[in-house]
Every structure is written in C-alpha cells, then in structure tokens.
Amino acid sequence: MSKIIDTHTHIYDKQFEDDFDDVMKRIEDELEGIVSIGFDLESSLKSIELANRYSFVNAVIGVHPVDIKKYNDEVEKELERLALTEKKVVAIGEIGLDYHWMEDPKDVQIAGFRKQMEFAERVKKPVVIHTREALQDTLDVLKDYKNVGGILHCYPGSLEAAKPFLDRYYLGIGGTLTFKNNKKTKELVKELPLEKIVLETDCPYLTPVPFRGKRNEPVYTKYVAEEVAKIKEISVEEVIKITTENAKKIYGIERKSNE
Ligand SMILES: [Zn+2]
C-alpha cells in the first residue's frame, strides 16, 4: 500500500523542538517520507543534516523571497557546492516572490529569484516556488527558464494561469484545501489532473481541519489526501498512490529497497 510523501515541511522549526522525536516517529510509521525545505543558508544546512540523519527525509536548499537580503555571492557559492556534493539535496527552494510581506522591493526580489533559477539550471535540479500576491510576476520569471521544472508550492492561482506550466510543474496542495470556504482551491483541485498534484503541509503552518489553528505536522497530510479524494470522487488510496509517484518523479527520490 502506498504511503504519503509530504513534499514541503519546515521540520527544523522551533515549534517541533519539544517533541521532535515523537513527530519523527509518527512520520516514520505513517508516511513514505518528507522533504525539509530551507529558507536561508542556515535552515538549508539544517535540512541537509536531517536528511543525512533520517533515511525518509530529503532536503531542498535555497533562499526565500522574504529573506532575499541574505542571498549574496558567498551564500550562492556555498549553496551551489552543497547542491552538487550532498546526495540528498533534491531541489532548490523555496524561492520566488512575496509581495505580501514586502521585506524588499520587487526588483530586488525578482533579481534574487532569477539568480536562483539560474543556479537551479546550472546544477540541473528542480525548484520549489513560493509565490504570494505576486503570481503574474512569478510566472513571468518561470517563463524564461524552460529547462527548469518543479513544484508551485501552495499555488494560489487559477488552473488557467497554471496551464502553460503544467508540462514541467506540479502544484502543491496543502491544508488550506480543507477550509470550508476555500472554494477557489477546491475548484482548482477538481479540474487539475491528479497526475499534476503533490501533497504538502508547509508545517508548522497552514494546518488542515480538524486541527486548524494548532501546529501542523506531516502526518496531517492524510486530511488533505481525504479532501482531494472527496472532491475528485476517487479513493484515498488512489490519491496517495499517484501523488507519491508524482513526488518521487519530480524530486528524483529513489524507491526504498524494501518495496
Ligand atoms: Zn514553506
């Protein structure tokens, strides 16, 4: 029986400090695996460390648009070295644009985003994209890198806007799908082929119903899988099987030998 891969976690977050071992045990028991996503050099290094410690963890490294100030030549050089030498680095991210927090002006964010798209292209890795209130500018950048694919994490747009990118991008669907009045994402999931969906938590954030408001954790992806199944009128097993295949494909995660 297939198990879920949580394609987007911040498992090194302080909120997991007190019961980290229990959280990891639940992941090991219930899921196929998780991907730990960095937002700067330090959290990228933590992600690599966890990936090297746990067989079911893989790492994604990069600098988030909210932290783009930290992206300089030295950091880029170090991230590039890690991407090329650390076997469990499966993608570059999370990178993109965030016009909600607006920590830096648009042009600074776009320049940092482009640099990291070029970095991903050089090291031949997929990307994990963060986009908030900046969809059109984000897609305009992606258009220029036809050799790079990946995951549009927590994708906020319409299927129509995503269509030109679906040949090389998957859409990350998470806890917000379970919110009763999130008609937009429910509609998107209904129309989007299952072959283009990966499951994610973005934990400790964006907790699904029935734990909305509390800390999120990877095993809660099952509530997202159940909601996808309900919307698409298919079995949960089918949702898990296909989305896990998708995650393995995009991240190039090897099958476990005991499968
Ligand atoms: Zn994230």
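Me: Which protein atoms are the donors of the zinc ion?

Reply: In this predicted model, the zinc ion has His8 (NE2), His10 (NE2), Glu94 (OE) and Asp202 (OD) as its protein donors, and they lie 2.1 to 2.4 Å from the metal.

Me: How are the donor residues of the zinc ion spaced in sequence?

Reply: The spacing is H-x1-H-x83-E-x107-D. Within this set, His8 belongs to strand β1, whereas Asp202 belongs to the loop between β8 (197-199) and α8 (221-232); the pair therefore ties together parts that are 194 residues apart in sequence.

Me: What is the arrangement of the four donor atoms around the zinc ion?

Reply: One begins with the ideal: four tetrahedral donors have angles of 109.5 degrees at a metal. Here the angles subtended by the four donor atoms run from 87 to 173°, which makes the arrangement irregular.

Me: Is His8 buried or exposed?

Reply: The term buried applies under 20% relative accessible area. His8 has a relative accessibility of 1%, so it counts as buried. Asp202 is buried too, because its relative accessible area is 10%.

Me: Where does Thr7 lie?

Reply: Thr7 is part of strand β1, which covers residues 5-9. Its relative accessibility is 1%, so Thr7 counts as buried. The side chain of Thr7 reaches the backbone oxygen of Leu199 at 2.7 Å. With neighbours within four places in sequence left aside, the contacts of Thr7 include Val35, Ile37, Ile151, Ala247 and Tyr251.

Me: How many aromatic pairs does a search of the whole structure find?

Reply: The search finds seven aromatic pairs. One of them joins Phe211 and Tyr220, with 4.4 Å centre to centre and 10° between the planes, and this pair is stacked. Phe211 counts as partly exposed because its relative accessibility is 25%, while Tyr220, at 14%, counts as buried.

Me: How are the rings of Phe211 and Tyr223 arranged?

Reply: Planes over 60 degrees apart count as edge-to-face. The ring centres of Phe211 and Tyr223 are 5.8 Å apart and the planes stand at 65°, so this pair is edge-to-face. Phe211 lies in the loop between β8 and α8 and Tyr223 in helix α8, so the pair ties together parts that are twelve residues apart in sequence.

Me: Which residues do ring pairs link into a cluster?

Reply: Phe20, Tyr54 and Phe56 are linked into a cluster by ring pairs.

Me: Which ring faces do Lys196 and Arg212 lie over?

Reply: Lys196 lies over the face of Tyr170, at 4.3 Å from the ring centre. Arg212 lies over the face of Phe179, at 3.5 Å from the ring centre.

How values were computed. Residues are numbered from 1 along each chain as its sequence is written. This is a predicted model: local features need pLDDT of at least 70, side-chain atom pairs count only at pLDDT 80 or more; totals for chains, interfaces and linings use all residues. Side-chain values use heavy atoms; hydrogens and water are left out. Helices (H or I, at least four residues) and strands (E, at least two) are DSSP runs, numbered from the N terminus. Buried means under 20% relative accessible area, exposed over 50%, partly exposed in between (1.4 Å probe, protein chains only). A polar contact is a pair of N or O atoms within 3.5 Å; within protein, one must be able to donate a hydrogen and the other to accept it, and residues adjacent in sequence count only if both atoms are side-chain atoms. Contact means heavy atoms within 4.5 Å. Donors are N, O and S atoms within 2.8 Å of the metal (3.2 Å for Na, K and Ca); water is not among the atoms, so sites may look incomplete. Four donors count as tetrahedral if all angles lie between 85 and 135 degrees; four count as square planar and six as octahedral if opposite donors are over 155 degrees apart and all others between 65 and 115; anything else is irregular. Rings of Phe, Tyr and Trp (its six-membered ring) pair if their centres lie within 6.5 Å; planes under 30 degrees apart count as stacked, over 60 as edge-to-face and the rest as tilted. A charge sits over a ring if NZ of Lys or CZ of Arg is within 6 Å of the ring centre and within 35 degrees of the ring normal.
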